Amino acid sequence: MKRYPAHKVTPLLVQYPDLMEVWKEAAQAELLRAETRDGKNYVVVKDPSLIARLKALGVEGEPVEEV
Amino acid sequence: MGESMSVLDELYREIILKHYQSPKNFGVLPQATKVAGGMNPSCGDQVEVMVRLEGDTIADIRFQGQGCAISTASASMMTELVKGKKVAEALELSKKFQAMVVEGAPPDPALGDLLALQGVAKLPARVKCATLAWHALEEALR
């Protein structure tokens, strides 16, 4: 499970329509959620496909513990 | 007359500041079905609009990005206004808003708080700031 700053992810969803499809599938499977910490927006992703796609696009998330 | 205009201007400034400091619907929408974005290099604004459509209704909407007071306030007020509206209604409101800030058309009360941005029509350099989120919304609804 990884946490990404929203500003690193949302521009990619605009740029890569196929990434948006992976995002939708992850959301449908409830494998991602939005989070706000200290006034900043984040996305927490549990879906390995989406994590892999983001990594391939050069975006690394911060590992987070599952609660 | 001059005094009432300055009172109104002050009210409009407060509305813009309120939406800039505490923007509504700012964040990520995991259940988005559509996403679109835009940039305004002259001011450094960048925005992504995420929409969840249910049929032809905007069931939910969020925006993400960074921008000046005008672009952030415009995006915040836009999301408040179009949430729950039909796509056709939202596009009609977009037309009205852009007519107001681009052409200086008479403001339509249907725009609600967005009337606070009518003065942008006199500031050509800031028109793109005000319309950025609306262009993204239109693209997302296409």
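**View 1. Helices α2(B) and α4(B) are oblique to each other, because the angle between their axes is about 40 degrees.** Angles under 35 degrees count as roughly parallel, over 145 as roughly antiparallel, 65 to 115 as roughly perpendicular, and the rest as oblique. The structure is a predicted model, in which local features need pLDDT of at least 70 and side-chain atom pairs count only at pLDDT 80 or more, whereas totals for chains, interfaces and linings use all residues. Residues are numbered from 1 along each chain as its sequence is written, with chains lettered from A and ligands numbered from 1 in the order in which they are written. Helix α2(B) spans residues 69-82 and α4(B) residues 127-141, and their axes (lines fitted to C-alpha atoms over the stretch in contact, with angles from 0 to 180 degrees between N-to-C directions) lie 7 Å apart. Helices (H or I, at least four residues) and strands (E, at least two) are DSSP runs, numbered from the N terminus.

**View 2. Side by side, α2(B) and α4(B) meet through residues from both helices.** From α2(B) come B:Ile70, B:Ser71, B:Ser74, B:Ala75, B:Met78 and B:Val82, and they meet B:Cys129, B:Ala130, B:Leu132, B:Ala133, B:Trp134 and B:Leu137 of α4(B); contact requires C-beta atoms, placed from the backbone, within 7 Å. By class, this contact has 10 nonpolar, two polar and no charged residues (Ala, Val, Leu, Ile, Met, Phe, Trp, Tyr, Cys and Pro count as nonpolar, Asp, Glu, Lys and Arg as charged, the others, Gly among them, as polar).

**View 3. In chain A, four strands form an open antiparallel sheet in the order β2-β3-β1-β4.** Strands β2 (32-37) and β4 (62-63) of chain A stand at the edges with a single partner strand each, so one side of each is left without a neighbour in the sheet. Strand β1(A), residues 2-5, pairs with β4(A) over two bridges and with β3(A) over four bridges, pairing requiring at least two bridges found by DSSP. A:Lys2 stands opposite A:Pro63 in β4(A) and also opposite A:Val45 in β3(A), while A:Arg3 has A:Glu62 of β4(A) as its bridge partner. Helix α1(A), residues 6-15, lies across β1(A) and β3(A), running at about 80 degrees to β1(A).

**View 4. Chain A touches chain B through 15 of its residues, which are in contact with 12 residues of chain B.** On the side of chain A, the elements giving two or more residues are α1, α2 (17-28), β2 and β3, and the largest share, six residues, comes from α1(A). The residues of that side divide into nine nonpolar, four polar and two charged.

Key. Contact = placed C-beta atoms within 7 Å.
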